Amino acid sequence: MASTKIDEPTAPTHFYKYRPMSSPEAIERVEQILLRDEIFFAPSSSFNDPFDLNPVFLLDASVEKQRDDFLRLSRKFRPDLSDEKHLAEADRVMKTSLSPSDIEVTTNTIQREHQRAMSTLVGTFCVSEKCDDLLVWAHYADSHRGVCLEFDGFGALMAHAQKVNYQSTRQPINPYVDDRDAMLTKALLTKSEHWNYEVEWRLLRVDEGPGLVRFRPNNLTGVVVGALATNETIRTLKNWASKRFVPLKMYRARTSNKEFKLLVAPFN
């Protein structure tokens with residue numbers, strides 16, 4: 001599995017994947033994880049945040065910098081051209097695509113191409129540091145009727161997890177200024193601070209794109225059953241857990257009688 005490693009913040013001991021159990025498709029997704037040791041890397045088109053994996057671009061640099069950068073890339077990717085042709089192509093681009101009158105059109109074209117690439121070349125598996133957040137249960141686990149799957153934070157699977165950054169404003173990608181890590185962080189790991197309650201980390205599949213990926217059975221360590229899960233859901237989860245070669249811990253989320261919070265404890 002190809003992944004993009006950008007930085008190395010301290011990882012939590014466990015990660016959590018919230019899933020609904022409200023439809024045949026949703027139930028199948030959970031079954032894939034519990035019985036077939038497979039996780040699904042989703043396309044950006046399925047995200048509920050229109051800004052996610054959709055950064056803005058800014059082509060802001062001096063004419064000299066733009067020209068030098070174009071020549072550097074041209075020589076790298078078109079080594080078959082003579083130096084005279086590289087210079088001629090640089091002159092042409094500076095008068096068209098990178099001219100002051102056309103720079104906005106060029107920037108918009110780059111942004112559209114980036115969105116297209118994100119939807120086909122990148123698959124994302126999103127997890128949280130927390131298993132007891134009221135809003136995450138409500139938004140991603142069918143209003144507490146679903147399940148929260150626990151993964152080993154130090155296992156082989158989550159060793160590639162990357163922490164999401166939350167920002168108050170959109171920070172544009174400027175390829176003339178940003179290095180590779182900065183561009184990847186802005187493009188793949190940056191969200192509005194409105195979402196910071198999720199405390200999200202991500203596994204990224206770059207180039208292979210969305211799809212199913214197998215993991216080692218011992219990377220999945222537990223199942224938290226939602227506070228409003230039906231008896232049928234509970235029976236189904238217990239049955240799946242009993243069939244696994246590697247045992248799972250079963251937990252139940254319950255509402256506190258004293259505070260607006262969830263209490264997660266081993267299943268009775």
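Hi everyone, let me start with Asp52: at 6% relative accessibility, this residue counts as buried. Everything I show today comes from a predicted model.

A network of salt bridges links Asp52, Lys191, Glu198, Glu200 and Arg202. For the whole model, the count comes to ten salt bridges.

Here are two others from the model, for your notes. Arg36 pairs with Glu38, with the closest N and O atoms 3.7 Å apart. Arg36 is partly exposed at 33% relative accessibility, whereas Glu38, at 16%, counts as buried. Then there is Arg180 with Asp181, where the closest N and O atoms are 3.8 Å apart. In that pair Arg180 is exposed at 55%, and Asp181 is partly exposed, with a relative accessible area of 35%.

Let me return to Glu198, one of the network members. Which backbone oxygen does the side chain of Ser128 reach? That of Glu198, at 2.7 Å. Ser128 is found in strand β3 and is buried, with a relative accessible area of 5%. Setting aside neighbours within four places in sequence, Ser128 is in contact with His14, Phe15, Tyr16, Tyr18, Glu198 and Val199.

Now for the nonpolar side of things. The largest nonpolar core has 29 residues, and the members touching the most others are Leu34, Ile39, Phe151, Met158 and Leu237. Several elements each supply at least two residues of this core, including α1 (24-36), β2 (38-41), β3 (122-128), β4 (147-152) and β8 (200-206). Which element gives the largest share of this core? That is α7, with four residues.

Leaving aside neighbours within four places in sequence, Ile39 is in contact with Ile33, Phe125, Phe151, Leu157, Leu203, Gly211, Leu212, Val213 and Phe215. Apart from this core lies another one, of 14 residues, among them Trp137, Ala141, Tyr197 and Val224.

Terms used:
Residues numbered from 1 in each chain as written. Predicted model: local features only at pLDDT ≥ 70, side-chain atom pairs only at ≥ 80, totals over all residues. Heavy atoms only, no water. Core = buried A, V, L, I, M, F, W, Y, C linked by side-chain atoms within 4.5 Å. Buried < 20%, exposed > 50% of the residue type's maximum accessible area, 1.4 Å probe, protein only. Contact = heavy atoms within 4.5 Å. Polar contact = N/O pair within 3.5 Å; in protein donor to acceptor, adjacent residues only side chain to side chain. Salt bridge = Lys/Arg side-chain N within 4 Å of Asp/Glu carboxyl O.
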